[in-house]
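Dear colleague,

Please find below the structure that I am handing over to you. My notes on it follow directly after.

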Amino acid sequence: MQDYLFNEQCDNFSLAMAYVPWQRFDKMYDDLEKAYKIGTVFPELNKPFTGRRCV
């Protein structure tokens with residue numbers, strides 16, 4: 001078993017890479033109080049947590 005140093009191994013990799021697709025927001029909630037409670041003014045981003053997966 002070889003003895004590897006964690007920091008030496010991590011130096012060979014980039015920190016992070018992300019892919020974020022372009023999103024179109026066509027609608028907004030009219031009721032801002034409802035939007036505030038949901039956490040977004042865009043219905044497309046309303047993804048309630050159901051315990052397993054988003055709906």
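D26 is exposed, with a relative accessible area of 60%; exposed means over 50%, buried under 20%, and partly exposed in between (1.4 Å probe, protein chains only). R24 likewise counts as exposed, at 69% relative accessibility. The side chains of these two residues, R24 and D26, meet in a salt bridge, with 4.0 Å from N to O. The term denotes a side-chain nitrogen of Lys or Arg within 4 Å of a carboxyl oxygen of Asp or Glu. A search of the whole structure finds one salt bridge.

Please note that this is a predicted model, in which local features need pLDDT of at least 70 and side-chain atom pairs count only at pLDDT 80 or more, while totals for chains, interfaces and linings use all residues. Residues are numbered from 1 along each chain as its sequence is written, and side-chain values use heavy atoms, with hydrogens and water left out.

The protein chain has two helices and zero strands; these are DSSP runs, numbered from the N terminus (helices: H or I, at least four residues; strands: E, at least two). Of its 55 residues, 5% are buried.

T40 lies in the segment after α2 (32-38). With a relative accessible area of 12%, T40 is buried. Its side chain reaches the backbone nitrogen of F42 at 3.1 Å. Leaving aside residues up to four places away in sequence, T40 touches Y29, A35, L45 and N46, where contact means heavy atoms within 4.5 Å.

Yours sincerely

Definitions and conventions. Polar contact = N/O pair within 3.5 Å; in protein donor to acceptor, adjacent residues only side chain to side chain.
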